[in-house]
Amino acid sequence: QVQLVESGGGLVQAGDSLRLSCTASGRTFSRYSMGWFRQAPGKEREFVAAIGWRDTYYRDSVKGRFTISRDNAKNTVYVQMNSLKPEDTAVYYCAASVVLGTTPITYEYWGQGTQVTVSS
C-alpha cells in the first residue's frame with residue numbers, strides 16, 4: 001500500500017512558476033513509476049508527466065515548461081511548472097504505478113490532489 005500526499009498548489013498569475021511535491025509513504029518508493037495528472041472542471045483527468053527510473057514523459061502542451069523529477073531518498077516526486085498559463089488551471093494529482101505509463105488506468109495509487117489556479 002502506498003499513500004501519496006501532494007502539496008505546493010496555489011493561485012498564481014500567468015507566467016509565474018510553481019513546484020508541486022508529492023511525498024509517498026512506505027519503503028519501496030524507488031520501485032514505483034510516478035506520474036502527475038490534472039483535471040479541470042468538466043473535463044477528464046489528463047496526463048501531465050511521468051518518471052520511471054530514468055525515463056521521463058510529458059504531454060505536448062507542457063514540454064519545455066514543466067520538469068518532473070524524483071528524490072528517492074525523500075520518497076518525493078516533484079513537478080516544476082514554469083511559464084504557467086490559464087489553461088494549466090486544474091486539480092493536480094500524483095500517482096504511483098509499478099509500470100511507467102501515461103494513462104490514468106495504469107496507476108494504482110493516487111493522492112488527494114492540489115489545486116493550481118493560473119489567472120490571466
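Reader: How many bridges pair strand 5 with strand 6?

Author: Happy to start there, with the reminder that this is a predicted model. Strand 6 covers residues 56-58, and strand 5 pairs with strand 6 in the antiparallel sense. One of the bridges links isoleucine 51 to threonine 56 in strand 6. The number of bridges between strand 5 and strand 6 is three.

Reader: How many residues lie between strand 5 and strand 6 in their hairpin?

Author: Strand 5 spans residues 46-51, and strand 6 spans residues 56-58. The hairpin these two strands form has, between them, four residues.

Reader: In strand 5, what is the bridge partner of glycine 35?

Author: Let's look at the pairing of strand 4, residues 33-39, with strand 5. These two strands run in the antiparallel sense and share five bridges. In strand 5, the residue bridged to glycine 35 is alanine 50.

Reader: Which residue takes a positive phi in the hairpin of strand 4 and strand 5?

Author: This hairpin has six residues between its strands. The positive phi is near 80°, and the residue that takes it is glycine 42.

Reader: Which residue in strand 8 is the bridge partner of isoleucine 68?

Author: Strand 8 covers residues 76-81 and runs antiparallel to strand 7, with six bridges joining them. In strand 8, isoleucine 68 is bridged to valine 79.

Reader: Why does threonine 106 count as buried?

Author: Threonine 106 sits in the loop between strand 9 (90-97) and strand 10 (109-110). Buried means under 20% relative accessible area. Threonine 106 therefore counts as buried, as its relative accessibility is 19%.

Reader: With which side chain does the side chain of threonine 106 make a polar contact?

Author: Leaving aside neighbours within four places in sequence, threonine 106 is in contact with Ser97, Val99 and Gly101. Its side chain also makes a polar contact, at 2.9 Å, with the side chain of threonine 103.

Conventions:
Residues numbered from 1 in each chain as written. Predicted model: local features only at pLDDT ≥ 70, side-chain atom pairs only at ≥ 80, totals over all residues. Heavy atoms only, no water. Pairing = 2+ DSSP bridges. Buried < 20%, exposed > 50% of the residue type's maximum accessible area, 1.4 Å probe, protein only. Polar contact = N/O pair within 3.5 Å; in protein donor to acceptor, adjacent residues only side chain to side chain. Contact = heavy atoms within 4.5 Å.
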